[in-house]
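Hello,

Here is the structure I promised to pass on. Please open it first, then read my notes below.

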Amino acid sequence: MRTSIATVSVSGTLPEKIAAIAAAGFDGLELFEQDLLITDETPATVRRMIEDHGLALTLYQPFRDFETLPDPYRAAAFDRAERKFDLMQQLGADLMLVCSSVAPQALGGIDRAAADFRELGERSARRGLRVGYEALCWGRHVSDHRDAWEIVRRADHQAIGLVLDSFHSLAKGIDSGTIRSIPGDRIFIVQLADAPLIHMDLLHWSRHLRNMPGEGDLPVKDFVKAIYATGYEGYLSLEIFNDQFRGGSARAVAKDGHRSLVHLMDQVSRESGLGRAPARPLPDRSVVHAVEFVEFAADERRAAALGSTLQTLGFRKAGRHRSKSVDLFRQGQINLVVNTEQEGQARSAFLAHGTAAYAIGLQVDDARATLARAVALGAEPFDQDPNPGDIRLPGIRGIGGSVIYFIDRSPDLVRLWEHEFVNVADGAAPTDAGLERIDHVAQTMFVDELLTSLLFYTSLFDVRKLPMVDVVDPGGLVRSQVIENEQGGLRLTLNGAENRRTLAGFFVSELFGAGIQHLAFATGDMKRTAQALAANGFQPLRVSANYYDDLAARFGLPAAEIEALKAAGILYDRDAGGEFFQLYGRTGEDGFFFEVVERRGYTGYGAFNAPFRIAAQKRHLAPTTLPRPLARE
């Protein structure tokens with residue numbers, strides 16, 4: 001099925017929009033009337049631009065307040081339509097969208113509307129044009145696609161068809177199953193949009209908060225399944241009204257849009273049972289079994305400081321790369337790599353961000369298939385020439401310029417550690433702290449990057465998203481979105497900062513972009529771990545004593561247990577599944593920090609504790625009046 005997007009969905013001038021839409025890989029575009037009216041280009045020039053970019057003009061829209069008007073308004077509406085038909089012929093457009101009327105003069109009535117469209121069909125057919133009718137969910141008399149279809153059915157004209165928009169149907173809670181009985185050849189185009197599930201005025205919701213399929217909460221996939229069931233074979237087109245997208249990068253938004261449609265069509269083809277495979281079938285979304293490693297970029301001084309911190313956490317220096325300035329630290333199933341190379345991606349990451357967890361390796365079933373799916377969804381492959389004899393890892397560029405590698409059990413990848421690292425003995429080993437694996441990875445970004453990140457991960461990996469949470473920072477709100485799989489092999493917390501006064505905002509502002517801000521390690525026994533950390537000289541983050549006084553009131557914990565938690569700096573939470581213990585380290589000079597967690601049936605991420613943890617971390621930050629040490633030497 002072919003893809004399209006409305007020009008209103010992306011920012012910029014009309015030439016910029018056309019170029020961005022073509023670069024993203026769309027087959028066509030809908031021309032939003034306002035985009036044409038504000039450009040200095042003639043309709044003929046716009047037509048050439050669209051054609052020169054290899055795009056089809058799928059729809060000209062919108063034509064408003066047409067049907068069921070009394071004279072003289074009715075005659076004026078037909079005159080307006082004729083002028084639009086003239087314009088469409090100059091543009092090379094053959095389909096015009098008419099949205100249901102909101103005019104106060106509209107009389108209503110299905111038969112009256114059908115008669116108007118029958119006449120409009122006669123006029124458009126004489127020019128070789130078609131008209132699609134769409135029900136606005138706030139329409140004066142028609143606000144439901146079922147009524148719009150009945151008008152089209154009664155108009156009974158080959159040039160008059162139906163336009164279906166997922167937002168207008170799903171926002172009103174209309175069952176998508178009602179679409180299945182509509183003949184596919186009577187649907188002229190399908191427009192798609194998702195949105196967060198918010199109870200508010202439909203017009204405001206539609207005009208400001210739509211987003212790409214998969215980024216919101218509406219059942220868009222079920223809507224498209226119903227479309228497929230009709231036999232429809234036309235375009236799936238995005239029509240996204242979003243204030244954030246209007247101010248963003250046209251190319252980035254268009255790329256997200258194309259990724260969302262490719263992923264959506266892949267999902268529907270797999271689940272609809274109609275045997276309609278996409279033209280370019282994608283490999284399955286990958287199940288991530290574990291985070292195989294996290295790689296840090298640093299210089300020699302900061303690598304030494306990081307190594308000392310890792311040793312207080314119970315990590316031992318387990319290896320040195322055979323040919324690079326790269327050290328391996330290990331504990332349980334956790335592999336942490338510290339790269340101090342003077343060239344390559346790690347060096348670039350350090351110069352841009354300071355000490356940073358710039359790369360992550362994920363265990364998957366098929367690394368090559370995961371890479372193929374990522375590239376098909378618009379990800380950029382990452383390929384840095386290895387030293388002679390080193391293993392070449394499949395990888396892509398991730399969020400904020402990071403790198404994501406894929407590791408499987410194939411012969412050339414399974415021997416990564418043994419092949420590339422030499423065992424080292426680096427003094428007395430620290431006390432093992434019982435850290436077993438990486439529980440979750442927290443990535444921080446500006447809030448306008450949050451939806452892009454969400455779509456990136458959910459389209460590539462077999463994961464689910466949890467409801468978005470507002471985390472209260474003393475400096476403002478941070479939007480937090482969790483992505484996880486059922487196996488627990490991949491847990492990501494995506495934190496979107498709205499201003500630089502928050503801890504998250506400080507991180508992305510000071511470090512020049514999105515990145516991994518902290519790692520959480522899992523332990524099966526927090527009490528034992530805390531004792532081992534103390535023996536290693538680990539310095540835990542200390543939260544306010546008032547927090548522990550409140551714990552007694554919230555959960556009724558015994559006084560002795562409260563005192564033990566307070567003495568060790570452990571935070572506590574509880575949900576319907578069980579208990580949760582958190583222990584944080586101090587924030588480093590580049591804004592990164594470590595966390596240790598123990599889950600006893602608990603399924604959350606300690607969101608209730610976040611404000612207290614953040615406040616404590618901000619108390620330990622260097623004053624902003626002091627210059628931050630530069631990464632460059």
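Where does Asp65 lie? Asp65 sits in the loop between E3 and H4. Helices (H or I, at least four residues) and strands (E, at least two) are DSSP runs, numbered from the N terminus.

Two notes on the source. This is a predicted model, where local features need pLDDT of at least 70, side-chain atom pairs count only at pLDDT 80 or more, and totals for chains, interfaces and linings use all residues. Residues are numbered from 1 along each chain as its sequence is written, and side-chain values use heavy atoms, with hydrogens and water left out.

Back to the backbone. Asp65 is not a glycine, yet its phi is positive, about 50°. Asp65 is partly exposed, with a relative accessible area of 25%. Buried means under 20% relative accessible area, exposed over 50%, and partly exposed in between (1.4 Å probe, protein chains only). Asp156 also has a positive phi, near 50°. Asp156 is in the loop between helix H6 (145–155) and strand E6 (160–165). Asp156 counts as exposed, at 66% relative accessibility.

Look for cis peptide bonds too. One runs from Gln61 to Pro62, with omega near -5°. Pro62 belongs to strand E3 (residues 56–63). Another joins Asp71 and Pro72, with omega about 10°. Pro72 is in the loop between E3 and helix H4 (73–91).

Now the whole chain. It has 22 helices and 25 strands. Its radius of gyration is 28 Å, close to the 26 Å that the globule rule gives for 633 residues, so the chain is as compact as a globular protein of that length. The radius is taken over C-alpha atoms, and the rule is 2.2 Å times the number of residues to the power 0.38. Buried residues make up 56% of the 633 residues.

Next, the inside. In soluble globular proteins, nonpolar side chains tend to be buried together. A nonpolar core is a set of buried Ala, Val, Leu, Ile, Met, Phe, Trp, Tyr and Cys residues joined through side-chain atoms within 4.5 Å. The largest one here has 181 residues. Phe117 and Leu192 are among those with the most contacts inside it.

Best wishes
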